[in-house]
Amino acid sequence: MTLEIVLTVAAALIGVGLFGALSQQSIVMVMMGLELVVNGVLLAGGAAWYFLTPALPDAQMLIVVALVVMAVEMVMGFAATIAIYRARQVDMVDMAEDLNG
Amino acid sequence: MLTDVAVVTLGVLAVAAGAAVFVVDSMARATFALLASFLAAAGMLLALDLVYVAVVTALMMTIEMVVMAVFMIMFMMNPAGLMPMTMVHNVRGSVVVGAGVFAVLTTGIWTIDWPERDGRRPADATRQLGETIMGGHMLVMLVVGIALFATIISGTVLATHRGRYDRFGPELDGERPDDPVPGGLPR
Amino acid sequence: MTDSVTSSAAAWGVLPAVVVVALVAVALGALFVVVDRVAVTGVRGALGAPVVEAGRLLVQQRRVTPAPDRLLWRLASAAVLVLAMLSMAVVPVAGRTLWSTTADLVWFNAMEALMWAAVWLLGWGPNAVHSLVGGYRFLAQGLAYELPLMFALITAGLGAGTLRTTGVVAAQRELWFVVTMPAAFVVFLASAAAFAFWGPFSAPAGDDIAGGVVSELSGVERLLVEAGRAVFLGVSAAMAVALFLGGGAGPWLPDWSWQLLKTVLVMLVLVAAGRRVPTLRPDRYVEVGWMVLVPVTLVQALVVALLVLSGWYA
């Protein structure tokens, strides 16, 4: 087990997540892509703690913050989805382009 | 050696399950593929001696994914995937971005001259985290707490379409709130 | 490492420890079924009926529904028992847990949280309306019991100053935690009934929806799910003994017999109370959970925190 292997997995998760977040049309599926990206961040934080700075707690803090980011992202994502769906039956990102310049 | 095999297997599983999210037709399967990806990542964190963080990841992500499943079923046109359809846009661009980011990161990961391990691992990683949350990094926790509180309020405000005037009447003089679900407490 | 003292896997070898703990988990589940049957039907038939029922399920022809999600359904039916076994891994047996981590209590909580996924999938899998309704009912119930349960677990960890279950047991040498944490104890037992959707919390498998999440289950899968629920309840009773009733502490008799005795007593209390209360509707229980239980458990945690600061547990 080396730092590089774990980080490569994290990079793959980030790559797959980005692909999903950019290619999916449904808002919920976009959020699942974002969650995968943060999953990669979690893993990278764990690897950084174990292989680089185990004496410092900072990498663990990063993981905790990443978990909170996921929770916040999901709550706000679903709240916005419900709000926009209630207002005009929209559940796809392509139909919510009002702010597209 | 055994740990190496386990970590690589879990890593492959995490990425494969993550990719499956965007491949399978059924929304339930997509959600639980994402959960499998999280659980595999939690298993890797377990191998990295981060027991608390790993278990909390599993705990939070399970509940989050089940709630996610409810929304997936609610908002997708084809929840069970019985009539396969694709709802994607700009696939080529997305593949380029995803693969590009992966390539750049991997190149960096394998070419950077990583520093040596700095310091020794503590006997108890959970205690290390707990002491820092209540000590040196308390400000982070305070900010996180306020952010979560703000999230709860703004999430509720966005998601509900009923306010106190709907519940207690225009003069706010209703004795009992007029709620669609009665609830369990005597009022 | 302190692990060698507290973990049975380190003390007896991994395989024997796993086998012993799995057997103890099954035994606890069987014990709960017997206690439950005795309370409902009396002593006659308490031993025979469950065995006959298990045998019937083993040979029963499988019920088929159109277009089920077989993969997820099978996974979920196996998961209930597996999760119950896994949560047993952090419950002390004869003073040792199968695997002792620095976050045992969170581990127990995580295994229970995975029940959310398992039960919802049980409802989703067969592509049948009653079981799906049951699955959603469980989620509503889950939203109500999850936070009080977390606070109850945390309160025990707070009093002991550790998340290790063996540490929690050791911290009760002077005084059982139930004395200072009665609310957490009661909430823990109620939540155990809730995540095994048993007794007053059986709405997800209620008769009004023809059995809900278990309505389409048949044969071995049904046996696995029912066994998983029983094992979860048995394990939770043992966990309640470890967290709040001083584990194996007691005069004259050896540790394991006290632990067994207390576990049976907790089961009796659970059954006696659970079988008397009618089934609660999840939509009602949600409000009780958030408006009553969350504040109560928070105050409970605050009281314990103040006691810790005043040196009460030292």
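Modeller: Start with exposure: a residue is buried if 20 or more other C-beta atoms, placed from the backbone, lie within 10 Å of its own, exposed if 12 or fewer, and partly exposed in between. This is a predicted model, where local features need pLDDT of at least 70, side-chain atom pairs count only at pLDDT 80 or more, and totals for chains, interfaces and linings use all residues. Residues are numbered from 1 along each chain as its sequence is written, while chains are lettered from A and ligands numbered from 1 in the order in which they are written.

Biologist: What makes Thr53(A) count as partly exposed?

Modeller: Thr53(A) has 16 C-beta neighbours inside 10 Å. That lies between the limits of 12 and 20, so Thr53(A) is partly exposed.

Biologist: Which residues does Thr53(A) touch, not counting those up to four places away in sequence?

Modeller: Ala48(A), Asp58(A), Ala59(A), Asp118(B) and Gly119(B). Contact requires C-beta atoms, placed from the backbone, within 7 Å.

Biologist: Why are α3(A) and α6(B) called roughly parallel?

Modeller: Helix α3 (residues 58-88) of chain A and helix α6 (residues 138-159) of chain B pack at about 10°. Angles under 35 degrees count as roughly parallel, over 145 as roughly antiparallel, 65 to 115 as roughly perpendicular and the rest as oblique. Therefore α3(A) and α6(B) are roughly parallel. Their axes are 8 Å apart.

Biologist: Which residues make that contact?

Modeller: Among them are Met61(A) and Val65(A) of α3(A), and Val140(B) and Thr151(B) of α6(B).

Conventions
Axes are lines fitted to C-alpha atoms, for helices over the stretch in contact, and angles run from 0 to 180 degrees between N-to-C directions. Helices (H or I, at least four residues) and strands (E, at least two) are DSSP runs, numbered from the N terminus. Two residues are in contact if their C-beta atoms, placed from the backbone, lie within 7 Å.
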